[in-house]
Amino acid sequence: AHNNGTASIHSALFAIGVGPGDEVITTVATFWGTYMPILTCQAVPVFCDIDPLTGCPDPDDIERRISPATKAIIVVHQGGMPAEMDAIMDVAQHHDLIVIEDCSHAHGATYKGQKVGAISHIGCFSMQAGKLLPSGEGGVMITNNLDWHERAICLGHYERISKLSNPDYQKYAQTCFGYKYRISPISAAIARVQLRHLDRRNKQRDDNVMYLMDGIADCPGIYPLKPAEYIFRGYYSRPYVRYKADELNGLPKVKLIEALRAEGVIVASSAPGGSNHLSAIFQERNHTAFSRPGIRSEVKYQKGDLPRSENPCQDMMTIPAFISASKELLDQYIDSFHKVTDKATELLKSV
């Protein structure tokens, strides 16, 4: 257990020995807590592009970015949607790489019957207040590798080092490695209670999302994006719907959203993506990681390097994922979609 999800990722990287000169492949379509710990280890984040419909890392693009310096891959289950783990694990096995899953959006989600976090070598979770398993603040790192587990403890859990099975680590009990990453006892207590309700709440969300998606699927121009049948998604982010304006006589998406909102529907124009690789920390060359000897100096990102991440799909929007909602409310949403799409011709007159 950790004090936050960012600390759990830092501990995972420390556990597997990521250091200066190493590269770790991950995605920019995520919170900075995924990739900034790579810099904390004085290694280099190498960003891959995404599947534009899920926001998860593209396995083919991961493989294209592997170099002799690549040490690991951090997979982000973006918005609670599990990434295509079979393909990613095949790539990792072929190149002898370690895979860390960032499951901060996906507590309880499954891929082909396996819970995320337990599919790869290490799983990391955030329990910040807005997450599916909230504890106020907190994080968890899981692994079935005892040595990595104990190395993670050495980084920031000084009071537990003396109890480790590896005697070589016990000499660090007085100081650890300078970080204090243990979880607050109050947060741990909250998380234990929240965990009892996680699967039930996830199922409620999924049942409501599927009912809503099925109800609007026959509206002209509306194409709900359901997970593959082998995926059970956790809805940290709202589900996506694609909109094809040409099926509604060219009605602009902004007008469709405006009309739906007038009916009381919570809907927004959104799609997975991000351009964090263009932020100052990666554009300036004077920060610690890129200035160390042995680091590839040519690692600098430019606009256009990650086209699918930088340019989210323009035909997508989001609908709610209700934890609890009456059938009456869901039917009101469905009726509103039908009403608005049926009146597309009238709406066009106001454009």
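Trainee: What is the mean pLDDT of the protein?
Mentor: The mean pLDDT is 93, and 95% of the residues reach 70 or more. pLDDT is the predictor's confidence in each residue, from 0 to 100. This is a predicted model: local features need pLDDT of at least 70, side-chain atom pairs count only at pLDDT 80 or more, and totals for chains, interfaces and linings use all residues. Residues are numbered from 1 along each chain as its sequence is written, and side-chain values use heavy atoms, with hydrogens and water left out.

Trainee: Where does pLDDT stay under 50?
Mentor: Over residues 291-295. The model has 10 contacts beyond four places in sequence for them. Contact means heavy atoms within 4.5 Å.

Trainee: New topic. Is strand β7 largely enclosed or exposed?
Mentor: Enclosed. Five of the five residues of β7 (residues 122-126) are buried, so the rest of the structure largely encloses this strand. Buried means under 20% relative accessible area, exposed over 50%, partly exposed in between (1.4 Å probe, protein chains only). Strands (E, at least two residues) and helices (H or I, at least four) are DSSP runs, numbered from the N terminus.

Trainee: Which way do the β7 residues point?
Mentor: I122, C124 and S126 point one way, G123 and F125 the other. In a regular strand the side chains alternate between the two faces of the sheet.

Trainee: And which strands are joined to β7 by bridges?
Mentor: β4 (residues 98-102) runs parallel to β7, with three bridges. There, E101 has G123 as its bridge partner. β8 runs antiparallel to β7, with five bridges. S126 stands opposite G139 in β8. Two strands pair if DSSP finds at least two bridges between them.

Trainee: How many residues line the largest pocket?
Mentor: 17. Lining residues have an atom within 4 Å of a point. F125, M127, L133, V140 and L195 lie nearest the centre.

Trainee: Which element gives the largest share of the lining?
Mentor: α6, with six residues. β8 (139-143) and α6 (185-216) are the elements that give two or more.

How values were computed: On a 1 Å grid over the protein atoms alone, a cavity is a set of points where a 1.4 Å probe fits but cannot get out, and a pocket is an open set with protein on both sides within 12 Å along at least five of seven lines; lining residues have an atom within 4 Å of a point.
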